[in-house]
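Below are some short notes on charged pairs and one hairpin. Please read them alongside the model.

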Amino acid sequence: MYAIFQNKDEFDAQLKRAETVPPHLHRQLEIVYIMSGALEIGVGTELYHLNRGDLALIFPDVIHHYQTNESDTGDILVINTDPSLVPAFKTL
């Protein structure tokens, strides 16, 4: 994992290898961009298959997880940001 920018209170961007991550949630807006390979993201009760060039927005306080297929593992860009920095997604 390579941090490309961090301000843990407001913004964190990381370029990393796609990996399986167990269910979790957080108070930040999470943006996941698939740079290569594929990744499945479970959000709530839905499972989405993402390929290179796809983008996912995961809203704060929504349980989600990642899962990979060994043959499709690639690189992803993960951005976690305080929702207030993206006014259209600001939570009340």
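Is Arg27 buried or exposed? Arg27 is exposed, at a relative accessible area of 65% (buried is under 20%, exposed over 50%, partly exposed in between, with a 1.4 Å probe and protein chains only).

1. This is a predicted model, in which local features need pLDDT of at least 70, side-chain atom pairs count only at pLDDT 80 or more, and totals for chains, interfaces and linings use all residues. Residues are numbered from 1 along each chain as its sequence is written, and side-chain values use heavy atoms, with hydrogens and water left out.

2. The whole structure holds 2 salt bridges (a side-chain nitrogen of Lys or Arg within 4 Å of a carboxyl oxygen of Asp or Glu).

3. Arg27 pairs with Asp61 in a salt bridge, with the closest N and O atoms 3.5 Å apart. The two lie 34 residues apart in the chain, Asp61 in the loop between β7 and β8 and Arg27 in the loop between β3 and β4 (strands are DSSP runs of E, at least two residues, numbered from the N terminus). Asp61 is partly exposed at 43% relative accessibility.

4. Asp75 and Arg17 form a salt bridge at 3.3 Å, N to O. This pair links strand β9 (Asp75) to strand β2 (Arg17), 58 residues apart. Asp75 is partly exposed at 30%, and Arg17 is partly exposed at 47%.

5. Strands β5 (residues 38-43) and β6 (residues 46-51) run antiparallel and are joined by 6 bridges (pairing requires at least two DSSP bridges). Gly42 sits opposite Leu47 in β6. The hairpin has 2 residues between its strands, and Gly44 in the turn has a positive phi of about 60 degrees.

Technical notes. Helices (H or I, at least four residues) and strands (E, at least two) are DSSP runs, numbered from the N terminus.
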